[in-house]
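Please open the structure in your viewer and follow the stops below. Each one says what to select and what is there.

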Amino acid sequence: MPAIAAENITTVQNLMAAFEGESNAHAKYTAFAVKADADGLHGAASLFRAAARAEQIHAGNHARVIKQLGGEATCTIHAVEVKTTLENLKTALGGEQYEINTMYPGFLAEATERGNRAAIRTFHGALEAEKTHARLYGEAVALLQAGKKDSWLGTVREFYVCPVCGYTSETEEEHERCPVCNCPWEKFEIIR
Ligand SMILES: [Fe+2]
Ligand SMILES: [Fe+2]
């Protein structure tokens with residue numbers, strides 16, 4: 001196995017932290033989807049499943065770059081604390097906000113300083129996709145707090161997930177191509 005070059009050690013550590021975060025987000029959202037279905041909030045469950053798929057795509061992208069840099073992606077999956085769906089949505093929103101405001105900007109700055117294009121690409125794709133998750137989780141929290149269980153929260157619905165960067169949309173054919181990574185829209189995965 002090739003050793004990790006000294007100048008890439010911090011970038012690889014950051015990729016590993018992001019891989020761990022995304023892998024745990026996938027586990028969390030998958031468990032939250034089961035709880036949302038049990039609560040009759042099937043639209044919220046659809047959102048959790050779509051975001052879980054996107055986080056899995058991010059983890060896979062990060063793992064690929066770790067391998068390119070001579071490392072191996074490993075992490076610990078923690079036990080998931082499942083609460084009410086409103087609390088789960090708030091936990092999910094908080095996690096996305098941390099990634100958007102703190103984690104990914106820091107990692108992107110480091111990768112940019114190093115000129116590591118593969119790391120920049122995977123961090124940038126994830127950061128932009130997390131913004132779509134934060135928007136959708138924020139909308140779900142607001143609706144549920146207002147007691148609007150008869151909104152889209154109550155019914156299974158479709159979300160469209162970019163298979164390359166995880167960009168997530170509730171609108172069919174929003175653009176011809178993914179606005180983040182340019183992947184053609186017809187390749188998007190439909191998650192219910
Ligand atoms: Fe996310
Ligand atoms: Fe994309």
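## Stop one: F123

Select F123, which counts as buried because it has 30 C-beta neighbours inside 10 Å, and 20 or more are needed for that label. The model you are looking at is predicted.

Which residues does F123 touch, leaving aside those up to four places away in sequence? Show A18, Y104, F107, L108 and A111: these are its contacts.

Helix α4 has 29 residues. From its first C-alpha to its last it reaches 42 Å, close to the 42 Å expected at 1.5 Å a residue. An α-helix has 3.6 residues a turn, so residues three or four places apart point the same way.

Now step just past the end of α4 and select G147, which takes a positive phi of about 75°.

## Stop three: α1 and α3

Select residues 9-38 for helix α1 and residues 85-114 for helix α3. How far apart are the axes of α1 and α3 where they pack? The axes are 11 Å apart, and the angle between the two helices is about 165°. Angles over 145 degrees count as roughly antiparallel, and α1 and α3 are therefore roughly antiparallel to each other. Their crossing is left-handed.

To see the contact, colour T10, T11, N14, A18, G21, A25, Y29, F32, K35 and A36 on α1. On α3, colour T85, N88, A92, G95, E99, M103, F107, E110, A111 and R114. Some names return from the first stop: A18, F107 and A111 are among the residues that F123 touches, and A18 of α1 and F107 and A111 of α3 also take part in this helix contact.

## Stop four: the whole chain

The chain has four helices and three strands, and along the sequence they follow the pattern α-α-α-α-β-β-β. The radius of gyration is 17 Å, close to the 16 Å that the globule rule gives for 192 residues, so the chain is as compact as a globular protein of that length. Along its principal axes, the C-alpha trace spans about 55 × 40 × 25 Å.

Colour the chain by burial: 40% of the 192 residues count as buried. Last, display the contacts with a separation of 6 or more; residues 24 or more positions apart account for 75% of them.

Note on methods: Residues are numbered from 1 along each chain as its sequence is written. Chains are lettered from A and ligands numbered from 1 in the order in which they are written. This is a predicted model: local features need pLDDT of at least 70, side-chain atom pairs count only at pLDDT 80 or more; totals for chains, interfaces and linings use all residues. A residue is buried if 20 or more other C-beta atoms lie within 10 Å of its own, exposed if 12 or fewer, and partly exposed in between; C-beta atoms are placed from the backbone. Two residues are in contact if their C-beta atoms, placed from the backbone, lie within 7 Å. The expected span of a helix is 1.5 Å times one less than its number of residues. The radius of gyration is taken over C-alpha atoms; the globule rule is 2.2 Å times the number of residues to the power 0.38. Axes are lines fitted to C-alpha atoms, for helices over the stretch in contact, and angles run from 0 to 180 degrees between N-to-C directions. Angles under 35 degrees count as roughly parallel, over 145 as roughly antiparallel, 65 to 115 as roughly perpendicular and the rest as oblique. A crossing is left-handed if the near helix is turned anticlockwise from the far one by less than a right angle, and right-handed if clockwise.
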